[in-house]
Amino acid sequence: MAEVPSYSGCSEPTDASALLSSPSSLSPILSQAAEPLSGRQQCVLVICLLMAVLCSFCLSLSSATFPLQARSMEISVSVVGVVIAVYFMSFIFGAPAAGILCSCIGFRAVLYSGLLILCVGVLCFGMVPHLASTPLQAGWLFAAARTVHGLGAAFVDTSSQVCLTRSFRSALGAQYGKFETCLGVGFSLGAPVGAYLFTTPAGFLLPFAVGSALGGIALAAVAIADLGFHCFELPGDKETDRGVEQAGGPALSLAVSLAAFGSLMDLGILFPLITAFLAETAFGWASPTLPVYYRTTFGIPVTTLGTLYSAGALLYALASASVGYLCDRSGPHFIACIGVFSGCIAVLLLSCPRALLSCGGSLGFSVAAALMIVPAFAAVLRRASEHGEAALGVVAGVGNALDSLGEMTGPVVGAVAADLIGFVPAVRFLATVLLLFGISYVGVYARYLHAVKPSWVIARV
């Protein structure tokens, strides 16, 4: 049999027959796919999904309330934009740091500290109107609280992904699909709950006090699951910790974590990371300009636009769970390639001169985004775990940072492009970028990633 070319960082055997005959790698996958989830796995899954809902819920609490509160405090719109951007900047820098810390001190410590930081940041954000006496002072305090909130969310999100990957190495696609679904649920709940609580006599403070209290409840749940039922422990964890202490302790862990950044050059990690970044960028690309385009071109009322956005969020949440199962069945790289080309078609439909087709493209991209993001992170986390625990933490952190970077840069680049060349050419430019990347991804998949089949594809042979 001819030797299959390996790709950067590949530690798998290059002979497919060797993979099939390796009981150490194949039998655990087959057994996990056939057996129902154990009690420990169910506990871990519930905790991780709870973390996903908490992070997105607390972030979206301010979607409707913060601009109104800022206006009442005479804070300028530009300052509001800076405060919103500060969260993403904090997340971008906090996620890689959380990944390194997961390798150095363990994901449990990162999860505990992240929940504490998150609770403090959310509560302080709600207390700013009671602490600030001038608009300038309020702006600084809002930005500081948002920075703390973003750092805590980065710690919680990254450590949750590491925890999820350690417990579901083979059937990761299905579980990560549920994780993304819960993120969508949290976003859907946070904005209306925050708006309703904002109208109560307690005003701006109450939504964030509730969010902080929910974070405290989540912290207690994590402590009970960890200390009471030892749900996070895997066989061999104690021996691994003992070996690290004897070899050099945290200093060695830090050195190994920094060296693990080299795993980002693995094509099985690099291309899915770019896919997730492009999906988030495309999500935000038209957000500043699409409502105006729909209003001026088709005369679509604001209420209809709100319904369209809500339907898109619901479609993404529902599609994510189904896409996760498809990843485990057909392989995440194959599904991600389909997602990139589906996103290209959906983005092109946005520029159609007919309202029905354009709105269909907006809704269709929600499904395409699920086809891109879920398999991308499933592939990244699964592949990173094959490089070792240190690489898993580092890659999870970098992946979350790129995800947040896409969310932040998409609206900015999309708005600038629309101003320079117009909305329709800007959207078509984005579709071209997706098309070119999709072609390159298919080439890499056909040459390398498909030939060296991931273990979750081998499991169904």
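## Ground rules

Numbering starts at 1 along each chain as its sequence is written, and side-chain values rest on heavy atoms, with hydrogens and water left out. Since the model is predicted, local features need pLDDT of at least 70 and side-chain atom pairs count only at pLDDT 80 or more, while totals for chains, interfaces and linings use all residues.

## The chain as a whole

The protein chain has 19 helices and 0 strands. Both kinds of element are DSSP runs numbered from the N terminus: H or I over at least four residues for helices, E over at least two for strands.

Of the 461 residues in the protein chain, 51% are buried (under 20% relative accessible area; exposed is over 50%, partly exposed in between, with a 1.4 Å probe and protein chains only).

## Helix α7 and its partners

Helix α6 (residues 107–131) packs against helix α7 (residues 135–167) with the axes 7 Å apart and an angle of about 155°. Axes here are lines fitted to C-alpha atoms, for helices over the stretch in contact, and angles run from 0 to 180 degrees between N-to-C directions. The two are therefore roughly antiparallel (over 145 degrees; under 35 is roughly parallel, 65 to 115 roughly perpendicular, the rest oblique). Their crossing is left-handed, meaning the near helix is turned anticlockwise from the far one by less than a right angle; clockwise would be right-handed. The α6 contact with α7 has 23 nonpolar, 8 polar and 2 charged residues. For those classes, Ala, Val, Leu, Ile, Met, Phe, Trp, Tyr, Cys and Pro count as nonpolar, Asp, Glu, Lys and Arg as charged, and the others, Gly among them, as polar.

Helix α7 also meets α5: those axes come within 7 Å and cross at roughly 35°, and this crossing is right-handed. By class, the contact has 16 nonpolar, 9 polar and 2 charged residues. Ser90 sits in α5 (residues 77–105) and is buried, at 11% relative accessible area. Neighbours within four places in sequence aside, Ser90 is in contact with Thr147, Gly150 and Leu151.

## Helices α15 and α18

Further along, helix α15 (residues 332–350) and helix α18 (residues 423–449) have axes that come within 8 Å and cross at roughly 165°. That makes the pair roughly antiparallel. The α15 and α18 crossing is left-handed, and the contact has 21 nonpolar, 3 polar and 1 charged residues.

## Thr181

Thr181 belongs to helix α8 (residues 172–198) and counts as buried at 17% relative accessibility. Not counting residues up to four places away in sequence, Thr181 touches Ala317, Ser320 and Ala321.

## Two loop residues with positive phi

Most residues other than glycine have a negative phi. Glu74 has a positive one, near 60°; this residue lies in the loop between α4 (62–72) and α5 and is exposed at 66% relative accessibility.

His230 is not a glycine either, and its phi is positive at about 55°. His230 is in the loop between α9 (205–228) and α10 (237–247) and is partly exposed, with a relative accessible area of 42%.

Definitions and conventions: Contact = heavy atoms within 4.5 Å.
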